[in-house]
Amino acid sequence: MQGSRRLLAVLTLALLPTILAAQSPPDAPPFTQRSQAAWLNSEPLTMAELRGRVLLVDFWTFGCWNCYRSFPWLLSLEQRLADEAFTVISVHSPEFEHEHDIGKVREQAAKFGLTHPIMIDNDFAYWQAMNNRYWPTYYLIDAEGRIRDTFIGETHAGQKQALAIEAKLIALLNEAKKDEN
């Protein structure tokens, strides 16, 4: 019996790093588009240069009404957190062929007042890297570049999902401030 307990303790200690690694959040994959032509409102960005900032990565497409109806909340959130280490990155992944037109994406972004960086994901490379499936989907990425939460669907100010996203963002921003000190 004593030998069994000792073996169990040794195995537990040996496997602990693997167990802990499986519980830690996954790293966000690097942005897949590197050319200036594939970015609106920004130079091409990298996860490495955004380290230290909390990110909300928003997957959308300009033919998605649920995406449009979420923009007022998203813009309000961006404005309220403007003084924080927070950045919205939109990823435009087209559902239909006509949505591949970058000029039309630019027009729709201007129409809805989207001034934050937008990566054009016409080849779905980032969509696939994030294992995304829906429009809109919001990924919260911490200051260390790890995916900490995912929210799917149309979102409006004051609704349960919006409040959950905002609470998680505040927690991530506070966590980042603690890590700075």
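## A first look at the sheet and its helices

In strand β5, Tyr 139 is the bridge partner of Val 57. That pairing is a handy way into this predicted model, since Val 57 also has a partner on another strand: in β3, Ile 89 is its bridge partner.

Which residues cover the two sides of β2? Val 54, Leu 56, Asp 58 and Trp 60 lie on one side, with Leu 55, Val 57 and Phe 59 on the other, and all of them are buried.

| Pair | Residues of the partner | Direction | Bridges |
|---|---|---|---|
| β2 and β3 | 86-92 | parallel | 7 bridges |
| β2 and β5 | 137-141 | antiparallel | 5 bridges |

Stepping back, the open sheet is formed by 6 strands in the order β1-β4-β3-β2-β5-β6, with mixed pairing. The edges belong to β1 (39-40) and β6 (147-152); each has a single partner strand, so one side of each is left without a neighbour in the sheet.

Now for the helices. Helix α2 packs on the sheet, where it touches β2, β3 and β5, and its direction makes about 165° with that of β2. Helix α5 packs on the sheet as well, touching β2, β3, β5 and β6, and its direction makes about 165° with that of β6.

How do these two helices meet? The axes of α2 (residues 65-80) and α5 (residues 160-180) come within 12 Å and cross at roughly 25°. Because of that angle, α2 is roughly parallel to α5. The crossing in which α2 passes α5 is right-handed. From α2, Trp 73, Leu 77 and Arg 80 meet Ala 162, Ile 165, Glu 166 and Leu 169 of α5. The residues of this contact divide into 5 nonpolar, no polar and 2 charged.

Finally, some loops deserve a look at their backbone. Most residues other than glycine have a negative phi, and most peptide bonds are trans. Phe 124, in the loop between β4 (118-120) and α4, has a positive phi of about 60° although it is not a glycine. Asn 131 has a positive phi of about 55° and sits in the loop between α4 and β5. Is Asn 131 buried or exposed? Its relative accessibility is 52%, so Asn 131 counts as exposed. Pro 136 also lies in the loop between α4 (125-129) and β5, and the peptide bond from Trp 135 to Pro 136 is cis, with omega near -20°.

How values were computed: Residues numbered from 1 in each chain as written. Predicted model: local features only at pLDDT ≥ 70, side-chain atom pairs only at ≥ 80, totals over all residues. Heavy atoms only, no water. Axes fitted to C-alpha atoms, helices over the stretch in contact; angles between N-to-C directions. Helix = DSSP H or I, 4+ residues; strand = E, 2+ residues; numbered from the N terminus. Parallel < 35°, antiparallel > 145°, perpendicular 65-115°, else oblique. Left-handed = near helix turned anticlockwise from the far one by under 90°. Contact = heavy atoms within 4.5 Å. Nonpolar A, V, L, I, M, F, W, Y, C, P; charged D, E, K, R; others polar. Buried < 20%, exposed > 50% of the residue type's maximum accessible area, 1.4 Å probe, protein only. Pairing = 2+ DSSP bridges.
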